[in-house]
Amino acid sequence: PSVISRHGVVKTEDTFKTSPFHFDLWFYFTLQNWVLDFGRPIAMIILPLEWFPLNKPSAGDYFHMAYNVITPFLLLKLIERSPKTLPRSMVYVSIIMFVMGASIHLVGDSVNHRLIFSGYQHHLSVRENPIIKNLKPETLIDSFELLYYYDEYLGHSMWYIPFFLILFIYFTGCFTPVEEESRMPVPALLLMGPSSLYYWYLVTEGQIFILYIFTFFAMMALVMHQKRKGLVLDSNGLFLFYSFIITLVLIAVWVVWLWNDKILRKKYPGVIYIPEPWAFYTLHMNNLHAAKESL
């Protein structure tokens, strides 16, 4: 059933229907984020180089390809389960932009991570890298900077802005007038840790703190606005909201821990200082591995 309002047809079930906790979707979402996104550079480093020569796609690239297909599918399924009718045109455009950005990132990230095997150091800028600064002609350095721009700036923007926009659009439908439905089941509590830790990795490695914090502030503003109307978050909304809160705590701990690192400070100047985990790895963990091998 539906009614006619000034804004067009509105489904009456939008007002009263509430979704149970989507354990299956959130579980698949968290699992594939960890395996296909966080795990792709690890797979590239761990698996034998002779299996994936440097002039061919690495194992991590195939992980990335799977991520680019599975993630938009899960996001669409999440939107479909919303008890509220959401703006479909905005969702579809966001999904298209997401796939474009993630695909651009696939190419740039593939080359940048393969450069690690040639001695590229992520804690240094492109021009400061020993394997880059001696390239001849020097215009080749410009090409590598262009590659870095597509990977770290354009690719990340077209990937993450639609990603967080879709999560926020979904979040707008996660409100209920029933106080008893504003609690999280045990599966949600178990998933919250891995989910929050992944968002920490996403924000720090993607260098998207501004996007993340604006999304979080928008969530907070919406929660306060809906509370004045007598509406509270359902279990799915609570899961997303609390995951973002824990993510903020993890980012703060990360920044405090590396606050006095002079080398990372040089790479990440400015007011917002949030080092990338892979820059930390190539700076400190690689040195640790080299020291062990020399013993």
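Q: How much of the protein chain is buried?
A: In this predicted model, buried residues account for 45% of the 295 residues in the chain.

Q: And what is the chain built from, in helices and strands?
A: The protein chain has 11 helices and four strands. Its C-alpha trace spans about 70 × 35 × 35 Å along the principal axes.

Q: What share of contacts join residues at least 24 apart?
A: Counting contacts between residues at least 6 apart in sequence, 76% join residues at least 24 apart.

Q: OK, the nonpolar core. Which residues of the largest one touch the most other members?
A: Those are Trp26, Phe163, Tyr199, Leu240 and Phe244, out of 61 residues in that core.

Q: Which helices supply at least two residues of this core?
A: There are several, including helix H2 (23-46), helix H4 (88-114), helix H6 (139-171) and helix H7 (186-206). Helix H3 (59-80), helix H8 (209-228), helix H9 (235-257) and helix H11 (277-294) each supply at least two residues as well.

Q: Back to Phe163. What is it in contact with, leaving aside neighbours within four places in sequence?
A: Phe163 is in contact with Phe29, Thr71, Leu75, Phe98, Tyr199 and Leu202. One of these, Tyr199, is also among the core residues that touch the most other members.

Q: Which residues are in the second core?
A: The second core is separate and has six residues, among them Leu115, Tyr120, Ile132 and Ile141.

Q: What about Asn33, buried or exposed?
A: Asn33 is buried, because its relative accessible area is 2% and the cut-off for buried is under 20%. Asn33 is found in helix H2.

Q: How does the pocket lining divide by class?
A: The lining of the largest pocket has 15 nonpolar, six polar and five charged residues.

Q: And how many cavities of 30 Å³ or more are there?
A: The search of the whole structure finds three. The largest cavity holds about 100 Å³ of space.

Q: Which residues are closest to the centre of the largest cavity?
A: They are Arg40, His105, His156, Tyr201 and Glu205, out of 13 lining residues. The elements that give two or more residues to this lining are H2, H4, H6 and H7, and H6 gives the most, with four.

Q: What classes are in that cavity lining?
A: The lining of the largest cavity divides into five nonpolar, three polar and five charged residues.

Q: Last topic. Where does UniProt list "transmembrane region"?
A: The unreviewed UniProt entry lists residues 62-79, 91-108, 159-178, 208-225 and 237-259.

Q: How much helix is there in residues 91-108?
A: Residues 91-108 are 100% helix and 0% strand, and their end C-alpha atoms lie 26 Å apart.

Q: And residues 159-178, how much helix and strand there?
A: Residues 159-178 are 65% helix and 10% strand, with end C-alpha atoms 35 Å apart.

Notes
Residues numbered from 1 in each chain as written. Predicted model: local features only at pLDDT ≥ 70, side-chain atom pairs only at ≥ 80, totals over all residues. Heavy atoms only, no water. UniProt positions renumbered as here; feature names shortened; annotations may be inferred. Core = buried A, V, L, I, M, F, W, Y, C linked by side-chain atoms within 4.5 Å. Buried < 20%, exposed > 50% of the residue type's maximum accessible area, 1.4 Å probe, protein only. Contact = heavy atoms within 4.5 Å. Nonpolar A, V, L, I, M, F, W, Y, C, P; charged D, E, K, R; others polar. 1 Å grid on protein atoms, 1.4 Å probe; cavity = no way out; pocket = protein on both sides within 12 Å on 5 of 7 lines; lining within 4 Å. Points joined across faces, edges and corners; volume = space filled by probe spheres on them.
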